[in-house]
Amino acid sequence: MRDSTVPGSAVRGGGAAPGRRSAFALAGLLVAAGVTHLVNPKPYDRIVPRALPGSPRTYTSVSGVVELALAAGLVHPRTRRAAGLASAGFFAAVFPANVKMALDWRHAPPVRRAVAHGRLPLQLPLILWGLKVAREAPRSSPARNTDRRAVPPRV
């Protein structure tokens, strides 16, 4: 059900809210990435920058869990804005791993080099996508009166 007074607007309870489709698509991408980090961690372990303390597997596992948490936040309207911003920050934070991959694969066969180098410029659209989802997220509604006592109307 659409409100005919505003083109493309969805009436509460009907239709897709603006940005919802984009948020769900980004959530799907993050779920896929998170699952692959947890199910097949070895390729991700290899691109964790050596300068980071601790085990690469820890970073791979934490990254997978973060991706799943971000996806969950993106699908819920109340947390979508924060999850969109956090997703943009996450995509920026993992950029060094992509740089390491490109450097490590600089002498690899052409297809692997193309994959490694292709990931570098891909981070910017991902960051912008997270920011777009945050910008289009539903505004939080005003605080509701949770006090069960009758509230006199304002005059």
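This tour goes from a helix, to one serine, to a pocket.

The model is predicted: local features need pLDDT of at least 70, side-chain atom pairs count only at pLDDT 80 or more, and totals for chains, interfaces and linings use all residues. Residues are numbered from 1 along each chain as its sequence is written, and side-chain values use heavy atoms, with hydrogens and water left out.

**Stop 1: α3.** Select 56-75. Helices here are DSSP runs (H or I, at least four residues), numbered from the N terminus. α3 has 20 residues and reaches 29 Å from first C-alpha to last, close to the 28 Å expected at 1.5 Å a residue; the expected span is 1.5 Å times one less than the number of residues. At its start, a side-chain oxygen of S55 comes to within 3.1 Å of the backbone nitrogen of R57. Now colour its buried residues (under 20% relative accessible area, 1.4 Å probe, protein chains only). They include T60, S63, E67, L70 and L74. Their cover includes α1, α2, α4 and α6.

**Stop 2: S87.** Move to helix α4 and pick S87. S87 is buried, at a relative accessible area of 0%. Leaving aside neighbours within four places in sequence, S87 is in contact (heavy atoms within 4.5 Å) with L26, L30, L70 and L74. S87 and L74 lie 8.9 Å apart, C-alpha to C-alpha, and 13 residues apart in sequence.

**Stop 3: the second largest pocket.** Select H37, S63, E67, V94 and R119, which lie nearest its centre among 27 lining residues. α3 gives the largest share of the lining, six residues. A pocket is an open set of points on a 1 Å grid over the protein atoms alone, where a 1.4 Å probe fits, with protein on both sides within 12 Å along at least five of seven lines; lining residues have an atom within 4 Å of a point.

Technical notes. Helices (H or I, at least four residues) and strands (E, at least two) are DSSP runs, numbered from the N terminus. Buried means under 20% relative accessible area, exposed over 50%, partly exposed in between (1.4 Å probe, protein chains only). A polar contact is a pair of N or O atoms within 3.5 Å; within protein, one must be able to donate a hydrogen and the other to accept it, and residues adjacent in sequence count only if both atoms are side-chain atoms.
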